[in-house]
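Open the model in your viewer and keep the selection tool handy. We will go stop by stop.

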2 protein chains.
Amino acid sequence: MATLGHVTPSSKFFDTPLPLRSGAQLRDYTLVYETYGELAADKRNAVLVCHALNASHHVAGTYEGQPKSEGWWDNLVGPGKPLDTDRFFVIGVNNPGSCFGSTGPTHVNPATGKPYGADFPVVTVEDWVQAQARLLDALGIEQLAAVLGGSLGGMQALSWTLQFPDRLRHCVAIATAPNLSAQNIAFNEVARRAIVTDPDFHGGHYAAHGVLPKRGLRVARMIGHITYLSDDVMEQKFGRELRAAELGYSTQEIEFQIESYLRYQGDKFSEYFDANTYLLITRALDYFDPAREHGGDLARALARATAKFLVVSFTTDWRFSPARSREIVKALLDNRRDVSYAEIEAPHGHDAFLLDDPRYHGVLRAYFDRIAKEVGR
Amino acid sequence: MATLGHVTPSSKFFDTPLPLRSGAQLRDYTLVYETYGELAADKRNAVLVCHALNASHHVAGTYEGQPKSEGWWDNLVGPGKPLDTDRFFVIGVNNPGSCFGSTGPTHVNPATGKPYGADFPVVTVEDWVQAQARLLDALGIEQLAAVLGGSLGGMQALSWTLQFPDRLRHCVAIATAPNLSAQNIAFNEVARRAIVTDPDFHGGHYAAHGVLPKRGLRVARMIGHITYLSDDVMEQKFGRELRAAELGYSTQEIEFQIESYLRYQGDKFSEYFDANTYLLITRALDYFDPAREHGGDLARALARATAKFLVVSFTTDWRFSPARSREIVKALLDNRRDVSYAEIEAPHGHDAFLLDDPRYHGVLRAYFDRIAKEVGR
């Protein structure tokens with residue numbers, strides 16, 4: 001299969017303040033984004049890809065001179081791939097509050113001349129969608145063929161259908177939920193407490209102290225990783241395998257391979273991820289709840305949506321289980337919307353949405369093929 | 001129902017060193033224990049209750065002047081209760097390494113004259129059973145009518161049947177597993193990392209620095225709590241309920257009631273639990289794996305057991321799921337052992353073993369009634 005080859009990020013500065021759900025605003029901001037494929041003359045073939053917690057605008061392709069820099073959804077997006085860049089113009093955009101390029105806590109606050117740190121305003125899924133819509137305005141794209149996202153990205157795709165029902169034809173929401181459960185919030189909260197109580201956090205102004213709350217970030221990432229993998233796949237991959245031939249009888253040294261794996265993931269993450277961004281993004285997850293304004297009635301909340309939907313879940317995903325996807329499907333059917341639903345039998349848990357299970361990719365390929373035909377590609 | 005009333009702990013000092021699985025030994029040690037009911041003249045009515053992570057010898061009854069000091073299994077153990085102290089002589093013993101009375105990391109190391117701290121030797125489920133057996137020797141009890149335990153306590157009950165097959169008639173193993181899964185170990189490891197990387201941990205010698213690693217303990221306990229409750233019961237108890245009438249849009253302040261609950265649990269725990277004990281007990285959980293010496297064959301491991309078994313699991317327990325209990329049952333049946341199995345439909349997750357679900361208590365009552373008749377009570 002042909003690869004997308006080298007890609008280059010672009011950026012766009014917005015000097016109009018972005019009003020936020022919290023009542024605050026972003027005075028000005030830059031969005032970093034990438035595009036793949038060609039925008040058709042009628043501009044009907046654009047697909048927006050929304051990212052989740054640990055991802056960015058860099059959806060596919062590699063950066064020149066960095067052969068291992070594949071985008072996070074490179075298995076899905078490219079020439080001849082399920083989301084085929086020979087047919088679609090694909091846009092990846094980094095959300096405000098992130099630490100991967102768009103304006104976020106590590107950037108300078110124009111009001112103070114110092115990094116935002118903990119003063120970066122709380123951003124929501126709805127705010128991100130507003131920012132994304134402005135980028136599309138700037139690119140001259142009135143209507144998207146589709147908005148696609150997994151996990152937190154799927155929440156953004158859902159929010160698009162409610163905030164800008166006329167601006168997308170299709171919503172592809174994968175491994176997501178209409179809101180977080182108490183258990184989901186609980187895991188986020190423990191991760192946040194690990195970060196906030198790290199003495200190097202300094203109330204979120206660690207930059208001013210020349211330190212980073214890496215301990216907290218490590219623990220946060222370890223917790224996250226447990227929830228991304230299914231119990232089964234963890235058992236298959238690691239089980240009770242020991243690192244050494246014999247038990248060492250130690251409470252602090254590594255005994256089991258699963259410990260080694262988790263520590264490695266935590267260490268790696270703490271080297272590049274920003275702690276304030278972690279807090280912001282987990283909060284955006286917590287806050288997302290379109291039914292809230294409708295007395296908890298998801299069907300009423302989704303009544304505004306006019307897009308066609310593809311909803312995909314994975315059997316072993318215990319973070320956002322198939323039952324949560326079925327809530328979305330049911331609420332859409334209650335509104336007599338056009339919705340396709342695929343529950344993929346996959347062993348990998350929540351992480352499955354990033355992998356290239358053939359049945360999963362087959363469903364996406366067929367769905368995007370249908371969209372391509374609709375928009376004359 | 002009559003209550004047990006006031007109880008008083010006893011303690012016994014052992015000056016014979018306790019050899020440990022690790023190859024180390026406890027030079028001398030004290031075990032704190034409680035007993036309820038009367039030991040029959042023929043000494044056949046003794047039941048040993050083994051405790052789990054956050055519990056002790058104080059199984060039932062209250063302490064004088066402390067009306068809220070009920071033992072952790074007071075709903076189960078007492079006159080007329082399922083484990084009836086009018087018929088049985090019930091023994092609760094605190095395990096070495098604990099922070100509730102028996103010799104542990106907060107006690108003075110006779111070799112140095114200073115608190116053990118991180119130098120307390122690694123203890124295993126097998127070691128605890130050896131220590132418990134010595135207490136029974138001291139009490140003049142040759143054979144127990146039953147050993148009973150839930151969770152980590154259930155592992156001790158299982159270990160009794162393998163280490164001292166002739167010293168118990170019945171093993172009652174509740175909400176337990178034949179070993180930890182990779183996911184179980186993963187949760188323990190994250191909790192340990194939170195503690196060990198707390199700057200106040202000081203390699204486990206925090207006492208010498210006059211501090212306590214409370215931040216780490218809080219996070220550890222919050223993680224634990226998530227795994228004790230079922231997703232469903234968390235949803236019913238807390239759902240997405242807010243603490244205030246409106247969202248506050250903050251990454252660090254409490255927004256949801258579940259956050260408030262978890263923080264409260266973490267704070268409370270960090271006030272009384274010892275960090276080194278937390279490491280030791282989670283490691284004992286990790287290490288327990290009777291099948292390991294038999295090439296992973298649990299049936300071969302359990303071939304030594306001659307006791308009769310009652311195994312109980314709870315449908316919503318995702319920490320030690322019914323499937324793990326069924327592994328035990330199957331291995332026992334492969335050995336043609338006398339085993340009863342109850343899978344209780346209960347919404348509360350792992351915590352269910354501490355609650356008084358009527359079907360659950362009904363099963364225990366009937367089983368202990370059978371034992372009482374066997375031993376002539």
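This model is predicted. Across all chains it holds 48 salt bridges. Let us visit some.

**Stop 1: a pair in one helix.** Select A:R283 and A:D286. They form a salt bridge, with the closest N and O atoms 2.9 Å apart. Both residues are buried. Why can they meet? They sit three residues apart in helix α7 (residues 275-287) of chain A, so about one helical turn separates them. Together with A:R283 and A:D286, they are linked in a network of salt bridges.

**Stop 2: strand to helix.** Select A:E343 and A:R326. Their side chains meet in a salt bridge, 3.0 Å from N to O. A:E343 lies in strand β14 (residues 339-344) of chain A, and A:R326 in helix α9 (residues 322-334) of chain A. The two are 17 residues apart. A:E343 is partly exposed, at 35% relative accessible area. A:R326 is partly exposed too, at 41%.

**Stop 3: a helix in chain B.** Select residues 358-374 of chain B. This is helix α10, with 17 residues. From first C-alpha to last, α10(B) reaches 24 Å. Which residues of α10(B) are buried? They are B:Y360, B:H361, B:L364, B:Y367, B:F368, B:I371 and B:A372. They cover an arc of only 145° around the axis, so they lie on the same side of α10(B). Turn to the face away from that buried side: there you find exposed B:P358 and B:K373.

**Stop 4: the helix ends.** Select B:D357. This residue caps the N-terminal end of α10(B), with a side-chain oxygen 3.0 Å from the backbone nitrogen of B:R359.

Definitions and conventions: Residues are numbered from 1 along each chain as its sequence is written. Chains are lettered from A and ligands numbered from 1 in the order in which they are written. This is a predicted model: local features need pLDDT of at least 70, side-chain atom pairs count only at pLDDT 80 or more; totals for chains, interfaces and linings use all residues. Side-chain values use heavy atoms; hydrogens and water are left out. Helices (H or I, at least four residues) and strands (E, at least two) are DSSP runs, numbered from the N terminus. The expected span of a helix is 1.5 Å times one less than its number of residues. Buried means under 20% relative accessible area, exposed over 50%, partly exposed in between (1.4 Å probe, protein chains only). The arc is that of the directions from the helix axis to the C-beta atoms. A polar contact is a pair of N or O atoms within 3.5 Å; within protein, one must be able to donate a hydrogen and the other to accept it, and residues adjacent in sequence count only if both atoms are side-chain atoms. A salt bridge is a side-chain nitrogen of Lys or Arg within 4 Å of a carboxyl oxygen of Asp or Glu.
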